[in-house]
Structure formats: C-alpha cells, structure tokens
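Student: Can we walk through this one together? I'd like to start with the charged pairs and then move on to the sheets and helices.

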Amino acid sequence: MFGLNLSLGSVNIPFLDILKVLFGSETADATWVEIVWNFRMTKALTCILAGGGLALAGLQMQTLFRNALAGPDVLGLSSGASLAVSLILMGKAGGISLISEPGPWTLVLVASLGCVSVFLVMLMIARKLHDNVSLLIVGLMIGAGTSSVVSVLQYISRAEDMQTYLIWTFGSLGGLSWTELLVLAIVLVVGSIISIHSAKSLNAWMLGDTYARSLGIDIRSARLWIIFSTSLLTGSITAFCGPIAFIGLAVPHLVKLILQSSNHKALVPAVVIGGAVLMLFCDTAAQLPGSVQILPVNAVTSLIGAPVVIWVILRHKRIYQ
Amino acid sequence: MSQDSDILLQGINLTVGYPNRDPLFADLNIALNAKELVCFMGPNGAGKSTLLRTLACLQQPLKGSVKLPSSAASSSISIVLTERISNVGLTVRELVTFGRYPFLDWRIQLSKMDHDRIDQSIAQVNIRHLADKKIFELSDGQLQMAMIARALAQDTPVILLDEPTAHLDLNNRVEVMKLLRQLARDTNRAVLVATHELDLALQLADVIWITGKQKNIVTGIPEDLVLNGTFDDAFQFKGFDLKSGKVEHARYQGKKIKLNGSGAEYLWSRNALERNGYQVVDDQADCHLAVISAQQWEVSGSEKIQTFNTLHDVLQFLNSI
C-alpha cells in the first residue's frame with residue numbers, strides 16, 4: 001500500500017525509478033528525486049501517522065464511553081479544533097487578532113487547545129450524565145454550537161482567509177515539512193505509549209466503571225491519561241491535516257471484526273496499523289480517478305467511512321466494544 | 001462457627017448512604033465469616049446494592065469503617081453486579097482473566113500460576129466446555145457462571161454478589177445458589193448474596209440478613225427468623241404463610257375433606273384440594289379421599305365408593321356433588 005501510494009501522483013514516475021530514488025541511485029529525471037522524497041514520501045508518512053493516530057483516538061473513545069459510535073469528531077473534539085483554527089485564520093475580520101502571522105506551530109498548539117477545552121467540557125458533563133446517549137447528544141450540540149460560531153466568522157471574514165480555512169477543513173495530507181512530520185511522529189509515539197500503558201484499564205473498562213474499580217484500576221487517573229492521549233492525537237492531527245472524518249470511527253470496528261478480539265493489548269497496535277493502511281488507501285483512491293486532479297481526502301474517507309458506519313449500525317448486535 | 005479468626009470482613013458502626021441524603025443504614029455492626037453463605041434480603045430500594053458497594057470498598061461509608069482481616073486493598077473483595085455485560089467481544093476465558101488483573105502490571109502478562117487459577121476457576125463453576133465461547137453467545141445462566149468464575153479467579157476471601165439469579169430460570173437459579181454455597185464451604189470463602197429468592201435462601205443460606213425498619217439489619221439463621229416473625233415483619237406477606245411455606249387459600253367450597261395417604265402423592269393431593277377451595281381436616285369431614293397410588297384415588301362420601309385415575313377427575317367429581 002505504501003509502495004502504491006508512492007508510485008501514484010500527478011507526475012507519472014515508473015515504479016522502478018521510485019525504487020531507484022529510494023535506494024539513492026541515478027534516475028532519468030532529477031526532479032523525480034525531489035518529488036518522491038519531499039512530496040510523496042512526506043505525504044505517505046503523513047497518511048501513516050494521521051491514520052494510525054486517528055484510529056487509536058477513536059478506539060480509546062469507543063472503549064472509554066462504552067459506545068460503539070463514539071469517535072473524536074462525534075464528541076466535538078474536531079469541532080473544538082476547527083473553532084480554534086478558524087479563530088486564528090479568520091479572527092481578524094471580527095477584530096480579534098490573536099496571532100499576526102499564524103505558522104504551523106501556532107496552528108498545532110491552537111488546535112490542540114481547542115480540542116482539549118472541548119474535551120474538558122465533555123468530561124465535566126460526563127460526570128453529571130451517566131447516560132452515554134445524552135453525552136453523545138451533548139457532544140453533537142457542542143459541535144453544532146462551534147460550527148455556528150465558525151459560520152459567523154466565515155460570514156464576516158475576507159474571502160482569502162475563508163478559503164484558507166475551507167481548504168483546511170477539506171483535510172490535506174500533503175505539504176508537511178519533515179519537521180512537522182517529526183512532531184506528528186512524536187505525538188503518535190507518545191499517544192501509543194500512553195495507550196499501550198492503559199491497555200489494562202481499557203480492557204477492564206469494557207465491564208464498566210464499577211468492575212474496573214473492583215479490579216484495582218484507578219479509573220480517575222486512567223481516564224485522564226486516556227483523554228490526554230486522545231486529545232493530543234486528535235488535536236495535532238487535526239491541526240496539521242485538518243479534520244479528517246470517519247477513520248477514527250470506522251477503523252476500530254473493522255479491526256475488531258478482523259481480529260475477533262477485544263483485548264486492547266492486541267487492538268492498540270492493530271488499530272494503528274489498520275488506520276495507517278486505510279488512510280493510505282483513501283489517499284491513493286483520492287489520486288486515482290483523474291490522475292492529475294486530486295480529491296480532498298475528506299471526501300474519500302467519508303465515502304468509505306459512511307457505508308461502514310451504516311453497516312455497523314445495521315449489524316449492531318454483532319458489534320461489541 | 002463464628003470464632004474471631006473466621007471473620008473475613010467486618011462492618012463496624014457502619015452508616016451507609018449518599019451525602020446530603022438520609023442514610024440507608026445506620027450504625028451497622030455486621031460480619032462475614034468463612035465458609036458461610038449469607039443471603040441478604042429486603043425490599044427493592046432498601047439499599048442492598050449500596051451496602052454491597054460499601055462493603056466492597058467501592059463507596060465511602062458515611063460513618064464507621066469496613067475492616068478486612070489482612071492489610072489487603074480494595075481488590076481483596078470481588079464483586080458480581082446486576083449490570084449485564086453481554087455486548088463485549090471477549091471469550092469466557094478472557095473474561096475470567098480479568099480476575100487476575102489486580103495481580104498484574106500494565107503489560108498484562110499472565111504467569112503459569114495465573115493460568116492455573118483461571119483454569120481452576122472455570123472448572124469450579126463447571127463451564128470448561130464454554131471457555132472459548134464469546135460472551136454474547138452465552139445464555140443468561142452461563143454468563144452468570146462466567147461472572148462467578150471471574151470473581152473466583154480474583155482469589156479473594158470474600159465474594160459479594162448482587163442478585164446473581166435475577167434473569168435466570170428456576171433450574172439455573174438453583175444451580176447458581178447451590179454452587180455459591182458449595183464454593184463457600186469448599187474454598188473457605190465468605191459469600192454474600194443480595195437476593196429476592198426467598199425459597200432458595202431459606203433452604204440454602206447459612207445466615208440471612210434482612211433489612212429492618214430502623215435502618216438496621218436483622219441477622220440470624222433462616223429457621224429462627226421464620227419462627228420469630230422477622231420475615232413476616234420485613235416482607236408483609238399477602239396471602240402467604242411462611243411458617244407452613246404455603247399460599248393461603250380461601251376455602252370457598254365450604255366443604256371439609258378427610259385425606260388419607262402418604263408421601264408425595266399425599267402432598268400433591270392435598271395441594272389440589274386446597275388450591276380448589278376445599279378444607280382438609282382430620283375428622284368431621286363431608287367426604288373422604290384415599291390416595292391408593294399416583295394413578296388411583298378413592299372417594300367415599302355418604303353413598304358408594306368411587307375410583308378415579310387422575311386428580312383432575314377427582315376434582316371434577318367433588319365439584320359436581
């Protein structure tokens with residue numbers, strides 16, 4: 001999948017030449033080296049990191065809330081990030097000039113902040129509401145609220161700023177520098193370490209809070225760690241790549257069905273791999289049809305994600321946490 | 001039976017409930033002894049589940065303390081809740097493995113001893129043939145057995161169960177209760193069961209706890225509590241005579257019948273008569289019914305002797321005269 005992703009793009013490069021570039025030998029066209037290393041390679045790596053991270057975040061949310069349809073975006077995390085980013089990109093029009101020259105780092109920070117603050121609100125509400133369905137409705141309401149603020153900002157902002165924001169919301173896996181990739185990689189590694197470290201708590205959580213506590217799990221700190229890891233993953237990926245839909249929701253279910261297991265010790269790495277593969281697939285699919293024209297990645301993930309979610313709901317009896 | 005060394009759990013001056021509300025129980029002094037099955041009975045809403053959670057150290061008592069013999073932590077008590085957890089993609093074996101979680105670190109690596117305890121627990125509840133089945137494939141009774149096995153694997157001196165027979169049919173209810181009693185005796189544990197199964201509790205419990213009117217708990221062996229009227233006070237039976245163990249029937253037929261016979265045939269013949277409104281007396285009867293065998297009855301009234309092959313026919317004849 002990685003190789004396929006590398007070999008497809010708007011400039012046609014034979015697969016053999018790609019291998020040559022990768023192994024440092026001479027190719028027919030010197031610009032190919034540039035394209036493969038600095039464009040396609042970064043993009044493929046972004047796919048792997050973003051897909052894996054989002055899928056992991058989705059898995060953690062589904063287990064934490066014991067709800068098969070939970071995901072970072074359902075609970076308003078991505079909306080929070082969107083709001084924060086839109087405030088940065090389009091805030092000038094509303095007289096709010098938070099940061100004059102938004103660089104990639106400020107976007108990461110701001111998106112993570114938006115993500116974390118929405119999550120903290122959700123967590124506070126989660127303490128009051130023990131019913132997961134009401135919690136999901138609250139999450140959707142927060143999403144609706146933030147998107148209306150974003151609409152207002154869009155209405156009053158300049159066309160150029162709005163377009164920057166709109167393109168951000170389409171989701172993009174390309175154009176990341178190696179430094180940004182490194183940040184994403186660190187985030188994914190940290191998130192995965194926390195998640196693997198929490199595998200025991202996540203497993204025990206499948207039985208509910210009371211059982212988890214009777215098994216000696218410190219659910220307060222476990223919950224905080226899981227939320228921290230999820231916010232970190234979702235926040236930074238959303239900041240770099242925009243709000244990518246459905247990967248976080250669909251991949252955990254697919255992996256569970258394939259593995260036939262709910263043990264998080266196996267699920268965590270499997271979901272990261274599954275997310276990476278599906279993301280690479282979606283990105284490849286986004287380039288395939290026109291070969292020159294590239295579709296926004298969100299269109300493709302939703303196209304694949306939506307049928308999966310429908311199928312999950314239809315077969316709900318077979319779906320487990 | 002209850003020397004000090006056998007006490008596995010003690011509630012001292014325990015006041016149980018939720019802050020800022022009337023306590024559910026006040027100043028309880030209760031103890032669980034090794035090898036004893038205790039059935040905890042009382043009407044719904046009396047606070048049985050809350051007391052169970054308090055004894056399991058999952059909820060702070062308002063006053064007083066829960067004393068464990070050793071310096072063991074909260075995980076030294078295992079608990080089986082009413083909450084059903086059927087929508088989880090675990091095998092029975094994985095579920096029972098959760099019982100070992102208090103002994104494991106984040107890597108969840110099972111030692112040989114852990115595996116042995118898991119096998120032993122599964123064997124103790126006679127579900128070895130189900131070990132590799134998924135939980136959602138099990139019947140209610142089988143699932144309850146698996147939950148009990150999980151509690152056993154936790155290797156705790158005390159097991160608390162909240163209505164373990166609630167969703168089960170008669171056969172499974174008897175099986176679960178008999179198993180719990182046998183486990184208490186064979187494995188030197190104290191088992192506390194919150195239950196509504198009056199008939200089973202009376203026949204199987206070593207000790208019964210009944211919620212009293214003054215936020216207290218009356219304890220004693222079943223027979224004493226029946227004879228001194230504690231049960232009648234607590235349950236306010238409507239048309240059920242606990243001392244005879246029978247439902248009181250209205251004697252609407254106004255006829256007295258003398259019944260001769262022995263064994264099960266006698267008991268069920270008597271049941272048939274009383275259920276249909278006849279009064280069974282020793283002398284001065286309107287009619288005489290003799291049980292010859294399970295297929296033959298003789299009715300002798302003022303006139304001739306009549307022979308019948310089923311109780312149904314006997315009743316039809318009696319109703320016609």
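This is a predicted model: local features need pLDDT of at least 70, side-chain atom pairs count only at pLDDT 80 or more; totals for chains, interfaces and linings use all residues.

Student: What does A:Arg66 meet in a salt bridge?

Tutor: The side chain of B:Glu83, at 3.1 Å, N to O. This pair crosses between chains. B:Glu83 sits in the loop between E5 and helix H2 (92-97) of chain B. A:Arg66 is in the loop between helix H3 (30-64) and H4 of chain A.

Student: You mentioned H4 of chain A. At what angle do H4(A) and H11(A) pack?

Tutor: About 45°, with their axes 10 Å apart. H4 covers residues 77-90 and H11 covers residues 219-241, both of chain A. The two helices are therefore oblique to each other. The crossing of H4(A) past H11(A) is right-handed.

Student: Which residues meet there?

Tutor: A:Leu77, A:Ser78 and A:Ala81 come from H4(A). They meet A:Thr230, A:Thr234 and A:Thr238 of H11(A). That contact has two nonpolar residues, four polar and no charged.

Student: New topic, chain B. What is the order of the open sheet of six strands?

Tutor: E5-E6-E7-E3-E8-E9, with mixed pairing. Strand E5 (77-80) and strand E9 (217-220) are the edges, each pairing on one side only. Neighbouring strands are turned by 15° against each other on average, direction ignored.

Student: Do E6 and E7 run parallel or antiparallel?

Tutor: Parallel, with five bridges joining E6 (residues 158-162) to E7 (residues 190-194) in chain B. Within that pair, B:Ile159 has B:Val191 as its bridge partner. Helix H4 (residues 140-153) of chain B packs on this sheet and touches E5 and E6. Its direction makes about 170° with that of E5(B).

Student: And what about the open sheet of five strands, what order does that have?

Tutor: E13-E12-E14-E15-E16, also in chain B, and the pairing is mixed. Its edge strands are E13 (279-281) and E16 (305-308).

Student: How many bridges pair E15 with E16?

Tutor: Four, in the antiparallel sense. B:Glu298 stands opposite B:Thr307 in E16(B).

Student: Which strands does H9 touch?

Tutor: Helix H9 (residues 263-275) of chain B touches E12, E13, E14 and E15. Helix H10 (residues 311-320) of chain B also packs on the sheet, touching E12, E14, E15 and E16.

Notes:
Residues are numbered from 1 along each chain as its sequence is written. Chains are lettered from A and ligands numbered from 1 in the order in which they are written. Side-chain values use heavy atoms; hydrogens and water are left out. Two strands pair if DSSP finds at least two bridges between them. Axes are lines fitted to C-alpha atoms, for helices over the stretch in contact, and angles run from 0 to 180 degrees between N-to-C directions. Contact means heavy atoms within 4.5 Å. Angles under 35 degrees count as roughly parallel, over 145 as roughly antiparallel, 65 to 115 as roughly perpendicular and the rest as oblique. A crossing is left-handed if the near helix is turned anticlockwise from the far one by less than a right angle, and right-handed if clockwise. Ala, Val, Leu, Ile, Met, Phe, Trp, Tyr, Cys and Pro count as nonpolar, Asp, Glu, Lys and Arg as charged, and the others, Gly among them, as polar. A salt bridge is a side-chain nitrogen of Lys or Arg within 4 Å of a carboxyl oxygen of Asp or Glu.
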